[in-house]
Amino acid sequence: MQRPETLGALRAHFRETVAAPKARVFAFLADHDRFGTLFAPPFAAQPGALIRRTEAAPGDDPNGVGSKRAIRIGGLTLLEEVIITYEPDTLIEYIATRGPIRNHLGRIELGDAAGGGTSLDYRIWADGKLPGVGALVGAQLRAAWKGGWARAAKQLSAG
């Protein structure tokens, strides 16, 4: 799997800083079973339950290049993603291989924040397979991120 030849529109761009070391932040973001907490609604009984790893990567790290995760609601897979770049403590990239979007790339970059902690630069590009779908997906991601990131940052900062 590789990046799409043409990237869709930039649908979401999140820049955050968290008082936690890069290794801890990366471990959280790389873990497919915890990743879903970033986009879970605040009222969710089990934040993150919508996203689960469906296929482990070959080798020592099950969340590395080639691993797959699915976003499911009520047993229905809405989106499947595969990790295409995995550079510990620095970079994760993934693409959608199934779902209502195309020309998709998610890119999560970590760096050292001024004054300590970790900086996060997370971008999601995608086009919808049908008109309006890409914009709708982007709006949902941006809305869900607010509560999800606050919950994740609190966990990461606490250690």
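Start with the surface: the protein exposes about 8,200 Å², and carbon and sulfur atoms supply 53% of it. Accessible areas here come from the Shrake-Rupley method with a 1.4 Å probe, and for residues only the protein chains shown count as cover. This is a predicted model, in which local features need pLDDT of at least 70, side-chain atom pairs count only at pLDDT 80 or more, and totals for chains, interfaces and linings use all residues. Residues are numbered from 1 along each chain as its sequence is written, and side-chain values use heavy atoms, with hydrogens and water left out.

**Whole chain**

Show the cartoon. Helices (H or I, at least four residues) and strands (E, at least two) are DSSP runs, numbered from the N terminus.

Switch to the C-alpha trace. The C-alpha atoms fill a box of roughly 45 × 35 × 30 Å along the principal axes. The radius of gyration is 15 Å, which agrees with the value near 15 Å for a compact globule of 159 residues. That radius is taken over C-alpha atoms, and the globule rule is 2.2 Å times the number of residues to the power 0.38.

Colour by burial. Buried residues make up 44% of the 159. Buried means under 20% relative accessible area, exposed over 50%, and partly exposed in between (1.4 Å probe, protein chains only).

Colour by charge. There are 20 positive and 16 negative side chains, and the centres of the two sets lie 8 Å apart. Lys and Arg count as positive and Asp and Glu as negative; His and the chain ends are not counted. Each charge is placed at NZ of Lys, CZ of Arg, CG of Asp or CD of Glu.

**Stop 1: Thr118**

Select Thr118, in strand S7 (residues 118-128). Thr118 counts as buried because its relative accessibility is 1%. Its side chain has a polar atom 2.6 Å from the backbone oxygen of Ala20. A polar atom of the Thr118 side chain also lies 3.0 Å from the backbone nitrogen of Lys22. A polar contact is a pair of N or O atoms within 3.5 Å; within protein, one must be able to donate a hydrogen and the other to accept it, and residues adjacent in sequence count only if both atoms are side-chain atoms. Beyond four places in sequence, the contacts of Thr118 include Glu16, Val25 and Leu110. Contact means heavy atoms within 4.5 Å.

**Stop 2**

Move to His104 in strand S6 (residues 101-112). His104 is buried, at 5% relative accessible area. Its side chain reaches the backbone nitrogen of Ala96 at 2.8 Å. Tyr94, Ile124 and Trp125 are among its contacts beyond four places in sequence.

Now pick Asn103, also found in strand S6. Asn103 has a positive phi of about 50° although it is not a glycine.

**Stop 3: Ser67**

Go to the loop between strand S2 (51-55) and strand S3 (68-73), where Ser67 lies. Ser67 is buried, with 0% relative accessibility. The Ser67 side chain reaches the backbone oxygen of Asn63 at 3.1 Å. Display its contacts beyond four places in sequence, including His32, Glu55 and Val82.

**Stop 4: Asp89**

Finish in the loop between strand S4 (76-87) and strand S5 (91-98), the place of Asp89. Asp89 is partly exposed, at 29% relative accessibility. Check its backbone: phi is positive, about 65°, although Asp89 is not a glycine.
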